Structures are given as C-alpha cells and as structure tokens.
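Open the model in your viewer and keep the sequence beside it. The tour goes from one selection to the next.

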Amino acid sequence: MQDPLLAKANADTYLGFDFGTKKIGTAVGQTTTATASPLQTIRSINQNPNWDIIGKLIQEWRPAGLVVGISKQHDGADNPVTPRMLKFCRQLEGRYQLPVFQQDETLSTFEAKQMLFDEVSVSASKLWEVQDQLAAQLILQTWLNDRTRKDY
C-alpha cells in the first residue's frame with residue numbers, strides 16, 4: 001500500500017530551505033522546468049523552526065522532497081551552525097516523511113545579498129526581509145541544476 005502522503009505528492013515539486021537560527025528562507029521549484037522561485041521568510045520562535053508555517057507550506061505545495069542548504073567551512077569542516085542545520089534536516093524528514101536532500105550552500109546568503117544590493121538596489125530593511133528567500137531559491141536552483149545535469 002502506498003503512503004497517502006506520497007500519493008498526493010506533486011512528483012516534480014520540491015521545497016528549498018535556507019536554515020538560520022532567526023529565520024528560514026523558503027523556495028519552491030519544479031524538476032520539469034528546472035526552475036526555483038522564492039516563497040517566504042519564516043521567523044523562528046526562540047531559535048526553533050516555526051513548524052506550523054512549514055507544515056502549511058508542505059500541505060499547500062505537497063512536494064516530492066525537501067532540499068536544505070548546508071554550510072561548511074572552506075576546508076570542509078563543520079561551522080558552528082552546521083549541526084543545527086543537520087538537526088533541521090532530521091526533523092523535517094521525521095515530521096513529514098519526505099526525502100530530504102542536502103545541498104552545499106556556501107556563500108548562498110552572501111550571493112543573495114550581493115544580487116539584491118547591487119543589481120536591484122534594495123534597501124537594507126527590505127534586504128533583511130527577502131535575502132533568505134533568495135538564498136533558498138539559489139540553494140534549490142543549484143540542486144535542480146545538478147539533478148538536471150545528472151539526468152543527461
């Protein structure tokens with residue numbers, strides 16, 4: 001018997017997450033089009049993920065899987081937030097029974113800030129609101145691009 005959650009899953013839709021202790025950026029993407037779009041920034045509650053909002057996103061989009069950005073030091077070693085990112089991955093998998101893919105996110109938030117600040121001239125306060133969504137989009141887009149390349 002097929003898991004009812006997976007039966008309703010949209011086979012080509014994935015949600016991406018840029019995990020931070022204060023906020024989590026989210027994005028949605030499709031393997032068919034190999035494109036990702038920013039969704040929203042979720043504020044954490046006492047440095048814990050807001051599972052209510054995450055659950056609503058998963059219910060709304062019914063993704064086939066989740067992609068979480070994992071950051072490391074330049075030498076490949078864990079940085080101070082890496083263990084929390086890995087815990088977030090385990091919690092997502094346990095709560096929603098969906099596959100969780102880890103994607104190297106080195107410099108994704110920095111790249112998102114540069115794009116917004118340089119190319120769009122976004123104000124500092126607006127930048128704070130949207131940089132994590134854009135970082136999540138970059139994480140998910142990288143994962144989709146890697147997946148597309150492996151399919152050919």
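How many bridges join strand β4 to strand β5, and do the two run parallel or antiparallel? Select residues 63-70 for β4 and residues 100-104 for β5. Five bridges join these strands, and they run parallel. Note that the model is predicted.

**The β4-β5 pair**

Stay on this pair and pick out Val67, whose bridge partner in β5 is Phe101. To get from β4 to β5, the chain passes through helix α3, residues 82-96, and this β-α-β crossover is right-handed. Then select Gly69, which stands opposite Gln103 in β5.

**The whole sheet**

Now show every strand. Five strands form an open sheet in the order β3-β2-β1-β4-β5, and the pairing is mixed. At the edges are β3 (35-43) and β5, each of which pairs on one side only. From one strand to the next, the twist averages 25 degrees.

Colour the model by secondary structure next. The protein chain has five helices and five strands. Followed from the N terminus, its elements run α-β-β-β-α-β-α-β-α-α.

**Helices across the sheet**

Return to α3. This helix lies across β1, β2, β4 and β5, and runs at about 170 degrees to β4. Then select residues 51-61, which are helix α2. Helix α2 lies across β1 (10-18), β2 (23-30), β3 and β4, at about 150 degrees to β3.

Which residues of α2 are buried? Select Trp51, Ile54, Gly55, Leu57 and Ile58: these are buried. They lie on the same side of α2, because they cover an arc of only 160 degrees around the axis. The buried residues of α2 pack against β1, β2, β3, β4 and α3. Turn the model to see the other side of α2, where Asp52, Lys56, Gln59 and Glu60 are exposed.

Look at both ends of this helix as well. At the start of α2, a side-chain oxygen of Asn50 comes to within 3.2 Å of the backbone nitrogen of Asp52. Just after α2 comes Arg62, with a positive phi of about 45 degrees.

Select Ala36, which lies in strand β3. Is Ala36 buried or exposed? Its relative accessibility is 6%, and the cut-off for buried is under 20%, so Ala36 counts as buried. Leaving out residues up to four places away in sequence, Ala36 touches Val28, Gly29, Gln137, Leu140, Gln141 and Leu144.

**Gln133, in α5**

Select residues 124-151 for helix α5, and find Gln133 in this helix. Gln133 has a relative accessible area of 15%, so this residue too is buried. What does Gln133 touch? Again leaving out residues up to four places away in sequence, the contacts of Gln133 are Gly25, Thr26, Ala27, Pro38, Leu39, Gln40 and Thr41.

**The chain as a whole**

Zoom out for the last stop. The protein chain has 152 residues, and 45% of them count as buried. Take the contacts between residues at least 6 apart in sequence: 64% of these join residues at least 24 apart.

Note on methods: Residues are numbered from 1 along each chain as its sequence is written. This is a predicted model: local features need pLDDT of at least 70, side-chain atom pairs count only at pLDDT 80 or more; totals for chains, interfaces and linings use all residues. Side-chain values use heavy atoms; hydrogens and water are left out. Two strands pair if DSSP finds at least two bridges between them. Helices (H or I, at least four residues) and strands (E, at least two) are DSSP runs, numbered from the N terminus. A crossover is right-handed if, with the strands pointing away from the viewer, the path from the first strand over the helix to the second runs clockwise. Buried means under 20% relative accessible area, exposed over 50%, partly exposed in between (1.4 Å probe, protein chains only). Contact means heavy atoms within 4.5 Å. Axes are lines fitted to C-alpha atoms, for helices over the stretch in contact, and angles run from 0 to 180 degrees between N-to-C directions. The arc is that of the directions from the helix axis to the C-beta atoms. A polar contact is a pair of N or O atoms within 3.5 Å; within protein, one must be able to donate a hydrogen and the other to accept it, and residues adjacent in sequence count only if both atoms are side-chain atoms.
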